[in-house]
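I opened this structure to look up how its parts pack together. My notes are kept in the order of looking.

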Amino acid sequence: MEPVLTSHVGEPRGATLDAYVGRGGYAGLRKALGLAPAQVIDLVKASGLRGRGGAGFPTGMKWQFVPKDSPRPKYLCCNADESEPGTFKDHVLMERNPHLLFEGCLIGCYAIGAKVAYIYIRGEFFHVQRVLEAEIDAARAQGYLGKNIFGSGFDCEIYVHRGAGAYEAGEESALLESLEGKRAQPRLRPPFPAVVGLYGCPTAINNVETLCNVPLIVTNGPEWFASLGPEKNGGPKLYCISGHVEKPGVYETSMHVTIRELIDKYGGGIRGGRTLKAVIPGGSSTPVILPDQIDAQASFDGLVKAGSMLGSAAIIVMDDTTCMVWLAENLMHFYRHESCGKCTPCREGTDWLLKILRRIERGEGTMRDIDLLADVASNIGGKTLCPFGDAAVAPLLSTIQHFRAEYEAHVREGRCTCPADWRAMRTEATGP
Amino acid sequence: MSFHPEMRYESGMHMSQRELRPDGDPFAFTPANRDRLEQIATHYPPEHRRSAVIPALYIVQEQQGYVSAPAIRHVAEVVGCTPAEVDDVVTYYAMFFRQPVGKYVVQVCRTLSCALRGAERVTAEISKTLGIGVGETDPTGTFTLMEMECLGACDRAPVVMVNNEHWHECQAPEDAERLLESLKASGEAALTGCHLARAEKAEGG
């Protein structure tokens with residue numbers, strides 16, 4: 001498939017307003033402003049656009065849940081807190097095609113009746129914030145946002161809000177808390193943010209890539225969008241490929257593609273001609289899949305069939321030198337650090353799991369520890385306010401399920417059993 | 001403090017924990033910084049000025065390098081909330097420093113994609129060269145070494161961020177010493193920045 005979201009990201013100055021307008025930009029906004037807000041929502045619903053942030057929830061439905069008759073102001077929040085390990089797609093869109101995102105935000109605001117959109121960007125993307133703010137000023141100067149856009153009477157402002165380093169801020173209700181100047185901790189639902197969101201007002205929260213698809217749907221029609229991918233998985237999709245591949249990067253294609261094609265054709269194959277051991281297909285919060293499953297379609301539904309999830313389409317590839325106990329320990333360190341501390345199972349459980357994993361990885365574990373991992377994990381998953389708990393245990397449980405022999409070998413031999421050349425990449429060369 | 005007497009938290013503090021820190025020097029925003037903050041505060045409804053807490057803390061850090069107790073009280077006054085509410089934010093987010101830090105805070109990504117490409121050794125090399133551990137500042141006050149969780153540049157692993165802002169990508173362990181030397185010699189100009197932005201510069205944009 002020819003890229004449509006990232007078609008001009010390699011061009012010098014391709015991010016500027018002039019370049020964007022030159023290639024037909026803001027035509028979607030112009031068209032949308034000529035329709036009724038409900039018609040815009042119908043277009044997005046008809047396209048079948050699903051949220052690109054991880055859950056894959058239909059965007060049109062999300063917008064429809066925002067009450068039309070509420071007397072309170074409404075808000076649109078763009079979730080640009082791209083923090084899922086392995087994900088770096090929104091970064092490209094924001095830095096190289098910012099006006100596409102603005103156009104998506106403006107159309108979204110018009111559809112739900114909001115006058116302000118906040119782009120919540122993660123703290124580490126300081127350089128992206130500078131690009132976004134410069135381009136927002138350029139767009140405002142030319143009348144693409146601000147008061148009375150295109151003489152339609154529609155007023156809309158976009159502001160960038162920079163976070164300060166918290167994975168949990170990517171969870172929608174925690175994002176709202178953070179935007180309100182508090183700790184990024186999730187809220188109890190219901191009420192859902194669509195009804196009681198930012199400052200207690202109706203709020204729609206959408207991922208960057210999701211909003212970038214909206215102008216294309218309005219311009220080219222929902223049929224065009226749906227026809228790009230398999231049924232219920234329409235539209236272009238960005239994939240982030242990292243880990244042990246020759247050419248890591250962001251690649252755009254349709255969801256007809258398989259994990260195998262993404263690794264071999266786009267990612268250039270496994271580094272150094274080695275063989276594949278496992279793939280995390282949708283960011284670190286999704287279960288690992290094995291080499292015999294990589295012919296699965298890399299779509300929302302295809303990966304569920306394979307026992308995993310598309311998530312944020314962050315494909316992390318591991319070759320045969322990777323120690324799966326070490327991998328679980330590395331990710332558990334991440335989740336322990338990022339657990340917001342609100343729910344006890346997750347706050348305490350991730351710390352316990354990390355301790356047990358460290359013990360096994362150092363060769364000091366017992367066979368009972370392996371079952372203990374699964375036991376503790378089963379008391380975290382599904383027992384927290386937000387999906388963080390499930391995310392924290394998914395990679396751990398799937399490595400125990402598929403690579404239990406490796407855990408047992410660690411216990412039996414009292415050391416890390418992965419090949420010596422891989423151990424050399426690490427600091428603590430455990431064992432002889 | 002862990003709630004389980006036999007399972008104490010290991011290194012560092014959990015986000016849910018508080019500490020009392022010694023008072024630093026008195027703090028107030030410079031007039032220019034105060035104006036910047038007021039400009040940012042216009043982004044939010046007047047009754048929700050508290051949203052400007054994170055931007056205010058970034059400005060504090062720009063002005064004096066770290067967030068001290070007087071700075072927390074000043075931010076609370078300016079933004080219109082309690083010092084405890086500001087403290088709550090400072091202690092939660094990874095990018096706010098609660099003690100003085102070196103001129104260059106070297107932040108190495110340690111999460112999976114970077115670790116698969118040798119990030120652990122990058123940290124070890126930097127640590128060896130500077131003679132300091134993770135979370136420590138060298139005696140001259142030039143460098144602080146930190147480990148960060150996923151910075152979101154996994155295709156350019158391993159990634160090193162400097163001072164919360166400047167990225168340095170594809171950092172092989174062997175290059176660590178050179179990175180530190182060039183930082184000392186030419187400051188932040190030594191950093192490669194984001195590859196995307198650099199591509200544009202190279203293309204003469």
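The entries below go from the model itself to the core, the helices, a sheet and the chain contact.

**Entry 1, the model.** I noted that this is a predicted model, where local features need pLDDT of at least 70, side-chain atom pairs count only at pLDDT 80 or more, and totals for chains, interfaces and linings use all residues. Residues are numbered from 1 along each chain as its sequence is written, while chains are lettered from A and ligands numbered from 1 in the order in which they are written.

I looked up the largest nonpolar core and found 193 residues in it. Such a core is a set of buried Ala, Val, Leu, Ile, Met, Phe, Trp, Tyr and Cys residues joined through C-beta atoms within 7 Å. Buried means that 20 or more other C-beta atoms lie within 10 Å of the residue's own; exposed means 12 or fewer, and partly exposed is in between, with C-beta atoms placed from the backbone. A:Cys77, A:Cys78, A:Ala117 and B:Leu57 have the most contacts inside this core. Helix α6 (residues 98-112) of chain A gives the most to it, with 10 residues. Helices (H or I, at least four residues) and strands (E, at least two) are DSSP runs, numbered from the N terminus.

Touching, or contact, means C-beta atoms, placed from the backbone, within 7 Å. Just after α8(A), A:Gly181 has a positive phi of about 90°.

I checked α6(A) against α9(A): their axes come within 7 Å and cross at roughly 75°. Axes are lines fitted to C-alpha atoms, for helices over the stretch in contact, and angles run from 0 to 180 degrees between N-to-C directions. The two helices are therefore roughly perpendicular. Angles under 35 degrees count as roughly parallel, over 145 as roughly antiparallel, 65 to 115 as roughly perpendicular and the rest as oblique. This contact of α6(A) with α9(A) has 10 nonpolar, 2 polar and 1 charged residues. Ala, Val, Leu, Ile, Met, Phe, Trp, Tyr, Cys and Pro count as nonpolar, Asp, Glu, Lys and Arg as charged, and the others, Gly among them, as polar.

Next I checked α5 (residues 89-96) of chain A, which packs on α9 (residues 208-220) of chain A at about 50°, with the axes 9 Å apart. That makes α5(A) oblique to α9(A).

I found 4 strands in an open sheet, in the order β6-β5-β8-β7, with mixed pairing. Strands pair if DSSP finds at least two bridges between them. β5 (residues 236-243) runs antiparallel to β6(A) over 6 bridges, and a hairpin of 5 residues joins the two. A:Tyr239 has A:Tyr251 in β6(A) as its bridge partner. With β8 (residues 314-319) of chain A, β5(A) pairs in the parallel sense over 4 bridges.

I noted 49 residues from chain B and 57 from chain A in the contact. The chain B side has 27 nonpolar, 13 polar and 9 charged residues.

Technical notes:
Two residues are in contact if their C-beta atoms, placed from the backbone, lie within 7 Å.
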